[in-house]
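Here is a short report on a single chain.

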Amino acid sequence: MLTSFAILFLGLAALVWSADRFVFGAAALAKNFGVPSLIIGLTIVAMGSSAPEMMVAAQAALAGKTDTAVGNVVGSNITNVLLVLGATALIRPLTVSSGILKREMPILIIVSLSAWYIFRDNYFSFNEAIALMIGFVMFILGLIYITKNNTDNEDPLVSETCDEIPEGVKTSKAVFWLIIGMIMLPVSSGYLVDAAVDIAKYFGMSDLLIGLTIIAIGTSLPELAASIAGAMKKEDDLALGNIIGSNIFNILAVLSIGGFIHPATIDSAVSSRDIYVMLAAALILVVMSLNIKGMRRINRLEGGVLVAAFFAYLYFII
């Protein structure tokens, strides 16, 4: 069992590292081929933090563990809001001023409700996965269109996102890291899922529970790192944008992978418990972030409440 835990943590570390290298290589290569910085920022860089969830979802579904794939998505979305946003706000209160983010927040609620609708009958079908993927493509295209036609050229999210793109990287170096990332992502996620399954069996944990806890927290580490780094650099909108974007990507892109590969009956706890926590977290994020009169701050007190709620949720399900 100690070996399984060691493999689990090493797999998580390798997964996060390889996702970072993959995004670095892909973004630098796209930049060298003349792809506009805004497009790179809104696609490759923005989706990069969800790369670990994508790999875990694919590996879990291939192993017939659709509950683990679903638990990873639902658990990651809960972790992103309650733990990642809460911890970031504890370090430094966040000011929300981006008009683009305010347009994304209703989308987050809509896609979260879509996940609830899909799981209401405790079955995740191939057709539902297709619908999610179509929604993902529409979201990306719509986001690019809105951003390119945004009349407010000073929107902080635009400049903060473009600043994250690597500059002056040689094409050979970009290709090297892209290939390393492409190799390491599936390898590390495969070891991670296998170790998680062994641990779940040893402790009598369900596939869903292991996805909601250990794997969800582990795959949310990129969002935690990116959000804290953004807050420390006073890029508040980027810090919050990482969380909102990741949660939307998780439901539309990552969740669909499980349904594509292995449509299956889902643990009823998702529809009766966890999906409502995910919905509540999304609503709390919107309420804390929006202010009709202008900018809104997420303060340390609210951050502390979010973190406390996260540990209360963990205690309840475990």
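Among contacts in the chain (heavy atoms within 4.5 Å) between residues at least 6 apart in sequence, 89% join residues at least 24 apart. The model is predicted: local features need pLDDT of at least 70, side-chain atom pairs count only at pLDDT 80 or more, and totals for chains, interfaces and linings use all residues. Residues are numbered from 1 along each chain as its sequence is written, and side-chain values use heavy atoms, with hydrogens and water left out.

The chain has 13 helices and 4 strands. These are DSSP runs numbered from the N terminus: helices are H or I with at least four residues, strands are E with at least two. Of the 318 residues in the chain, 55% are buried. Buried means under 20% relative accessible area, exposed over 50%, and partly exposed in between, with a 1.4 Å probe and protein chains only.

**Helices 11 and 12**

Helix 11 spans residues 236-261 and helix 12 spans residues 268-289. Their axes come within 12 Å and cross at roughly 150 degrees. Axes are lines fitted to C-alpha atoms over the stretch in contact, and angles run from 0 to 180 degrees between N-to-C directions. That crossing angle makes helix 11 roughly antiparallel to helix 12; the term applies to angles over 145 degrees. From helix 11, L240, I243, I244 and I251 meet M278, L285 and S289 in helix 12. By class, this contact of helix 11 with helix 12 has 6 nonpolar residues, 1 polar and no charged. Nonpolar covers Ala, Val, Leu, Ile, Met, Phe, Trp, Tyr, Cys and Pro; charged covers Asp, Glu, Lys and Arg; the others, Gly among them, are polar.

**Aromatic pairs**

The structure holds 10 aromatic pairs. Rings of Phe, Tyr and Trp (its six-membered ring) pair if their centres lie within 6.5 Å, and planes over 60 degrees apart count as edge-to-face. Two edge-to-face pairs are tabulated here.

| Pair | Centre to centre | Angle between planes |
|---|---|---|
| W17 and W177 | 5.9 Å | 80 degrees |
| Y202 and F203 | 5.0 Å | 85 degrees |

The W17 and W177 pair links distant parts of the chain. W17 lies in helix 1 (residues 2-32) and W177 in helix 8 (residues 171-203), 160 residues apart. W17 counts as partly exposed because its relative accessibility is 39%.

Y202 counts as exposed, at 57% relative accessibility. F203 is partly exposed, at 48%. Ring pairs link F5, F9, Y202 and F203 into a cluster.

Key. Parallel < 35°, antiparallel > 145°, perpendicular 65-115°, else oblique. Phe/Tyr/Trp six-rings, centres within 6.5 Å; stacked < 30°, edge-to-face > 60°.
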